[in-house]
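Here's a quick briefing to read alongside the model. Have the viewer open and click through as you go.

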Amino acid sequence: MSATAGTGVFMLSLISIPFCYLFNSLIYNNSTEAFFFALWTAALILTIAIRFMLKKAPVDPLFYVYAVFAFLSVVNLIIGLEQDNIIDGFVTFYLKEAEPHVNTAHGHMISYWDGCVHYLMYLLMIAAITWGDSYRAIGLYWVGSFLMRTIVYNLGNAVGKYGTQVTPFFILHMLYISVSVWACFRVFSQPSTHDAQLTSSQEAQRANLLQRPMDLLFIVYLIPAFAFCVFRGLVNNCKTINKHGFMQIAINGWYLFLEVVLDCSGKLCEDYTQRFEPYLKDPSAYPKVQMLVSLLYSGPYYILTLYGLLVPGCQWMPDLTLVHSGALAQAQFSHIGASLHTRTPFSYRVPADSQPIFLLVNVLYVLVPHALCYRCCTQPDFFLKPKGDKKSQ
C-alpha cells in the first residue's frame, strides 16, 4: 500500500497549529489579519492532506481514529508550550476557560507526553497500517500508556481540590475516552507476531535459571521493585483509605506489612516524603492516586512476572510487559516532571540536595522494566509454546 495516506495524516495533524491560532485570534484577540492568515494556512494544509489521504486510503478504522488523535496530540503540545510561555497566542482562551486540571503540574506533563510520545506512536502505527505491517507491539505500549494516563487523570480530577469544577469540555473528554477504549480492544484483537520453532523453544525452556543470567538479574530486581511499589503506594494512602470501614482490615494488613516486613515506621515514611518525594502530599491528589493505581497495577504485575520468568510457556509475558512498560513510562514521566515543575508549589517540590537520588531511583524504576520488555519481545522462545505442541493439540 502506498504511504501517501500516512503522509496525509501527518499533514492533517499540522493543521492544528493554524487551527488553534485561528480560533484564539477570533475569540480572544479579535485580530482580523491573524484570523485570515490562519484561515488560509489551514485551508492550504487541509487541501494537501486530503489529496494525499484520498489515494488508497486504508480500510482499518484505527487509521482514522489515530489520524484524529494525532491532530489532538499536536494541540496538546501547543497547550504545553504556551503554558511554559515558549509560544503565545495559540490557546490563550482555552487555558483561561478550560478545566482547571489542565493548568496543574500533572496536567502540564500529560500535555507534553501526549504531544510528543503519543504523537510519535500514532504516526508509527499509521505508517504500519499504510504499509500493511503489524502495529500490535506499539499498540499495546500505547494501551498501557493511555490506561494509566486516563485512570490517574480522571480519578485525580474527581477526588482532588478541583473535583467540583466541571466544564462542557468534560463531555468531549468522555467521548475521547470511549473511542480510545474501543481502540484498545481493537489493538488486543490483532494477531500476535510472536512465533517459536519447536527446537529453539525446547532448548530455551530446558535451561535452568542459572543458565539464564539476565533472567536471574531481572528476578533479583523485581523483589525490591515490588517492595518499593508497595511502599510508595501505601505510605501516603493508608490514613486516607483507612477511613472507609469496608477496606479497614485490608489496609491495616498492608500497613502491618510495611511496618514488619519493610521495617517502615511512621517516622520513616514521614522522613521519606519530606526528603525525597514531598510531591506525594500535593493537594491536587494526582500523586496519591498515581501511587495507589501503581500499587494495584504494578504490584500484581511484579508477582506475575516472577512466575513467568520461573515457569516456561507463559505466552502472555511479552504482551504483559509491553502494556506495563507503556503504563510505567507514562506514570514516571508525569510523576518526575510534576515533582520538579515550577507549577508545583515550592513546598511540594523535590529538594535540590535530594534530586540526584530521586532521579536515579525513579529513572531506574522505569528503565529496568523496559529492558525486561525488550528481552521478552526479542527472545520470546522461553515463553511461547512451540509450533509442534500447538499442532499436536
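**Charge pairs first**

Arg186 and Asp60 meet through their side chains in a salt bridge, 3.6 Å from N to O. That pair ties together distant parts of the chain: Arg186 sits in helix α8 (residues 169-188) and Asp60 in the loop between α3 (32-53) and α4 (61-83), 126 residues apart. Keep in mind that this is a predicted model.

**More on the salt bridges**

- How many salt bridges are there by this rule? The count comes to five.
- Side chains of opposite charge can pair when their charged atoms come close.
- Arg186 has a relative accessibility of 29%, so it counts as partly exposed.
- Asp215 pairs up with Arg375 in another salt bridge, with the closest N and O atoms 2.7 Å apart.
- This one is also a link between distant parts of the chain: Asp215 belongs to helix α10 (residues 213-235) and Arg375 to helix α16 (residues 355-378), 160 residues apart.
- Buried or exposed, what are Asp215 and Arg375? Both are buried.
- Glu277 and Arg232 make a salt bridge too, at 3.1 Å from N to O.
- Here the distant parts being linked are the loop between α13 (266-275) and α14, which holds Glu277, and helix α10, which holds Arg232; the two residues are 45 apart.
- Glu277 has a relative accessible area of 2%, so it is buried, and Arg232 is buried as well, at 4%.
- Salt bridges with shared partners also join Arg212, Asp215 and Arg375 into one network.

- Helix α14 (residues 286-310) has 25 residues, so at 1.5 Å a residue it should span 36 Å; the end C-alpha atoms are 35 Å apart, which agrees.
- Where does α14 bend? The bend is at Leu295, by about 30°.
- α15 is mostly covered, with 21 of its 24 residues buried.

- Phe19, Phe23, Leu26, Ile27 and Phe93 make a nonpolar surface patch of about 420 Å².
- Which helix gives the most to the nonpolar patch? That's helix α2 (residues 16-29), with four residues.
- An α-helix has 3.6 residues a turn, so residues three or four places apart point the same way.
- Leu26, found in helix α2, has a relative accessible area of 45%, so it is partly exposed.

**What the UniProt record says**

- The unreviewed UniProt entry carries the annotation "transmembrane region" for residues 7-28, 34-54, 61-81, 110-131, 138-156, 168-188 and 216-235.
- In the model, residues 110-131 are 100% helix and 0% strand, and the end C-alpha atoms of that span lie 30 Å apart.
- Residues 138-156 come out as 100% helix and 0% strand, with 27 Å between the end C-alpha atoms.

Definitions and conventions. Residues are numbered from 1 along each chain as its sequence is written. This is a predicted model: local features need pLDDT of at least 70, side-chain atom pairs count only at pLDDT 80 or more; totals for chains, interfaces and linings use all residues. Side-chain values use heavy atoms; hydrogens and water are left out. The expected span of a helix is 1.5 Å times one less than its number of residues. The bend at a residue is the angle between axes fitted to the seven residues ending there and the seven starting there. Patches are made of residues with over 30% relative accessible area and no salt bridge: like charges are joined within 9 Å, nonpolar side chains (Val, Leu, Ile, Met, Phe, Trp, Tyr) within 5 Å. Accessible areas come from the Shrake-Rupley method with a 1.4 Å probe; for residues, only the protein chains shown count as cover. A salt bridge is a side-chain nitrogen of Lys or Arg within 4 Å of a carboxyl oxygen of Asp or Glu. Buried means under 20% relative accessible area, exposed over 50%, partly exposed in between (1.4 Å probe, protein chains only). UniProt positions are given in the numbering used here, feature names are shortened, and annotations may be inferred rather than shown by experiment.
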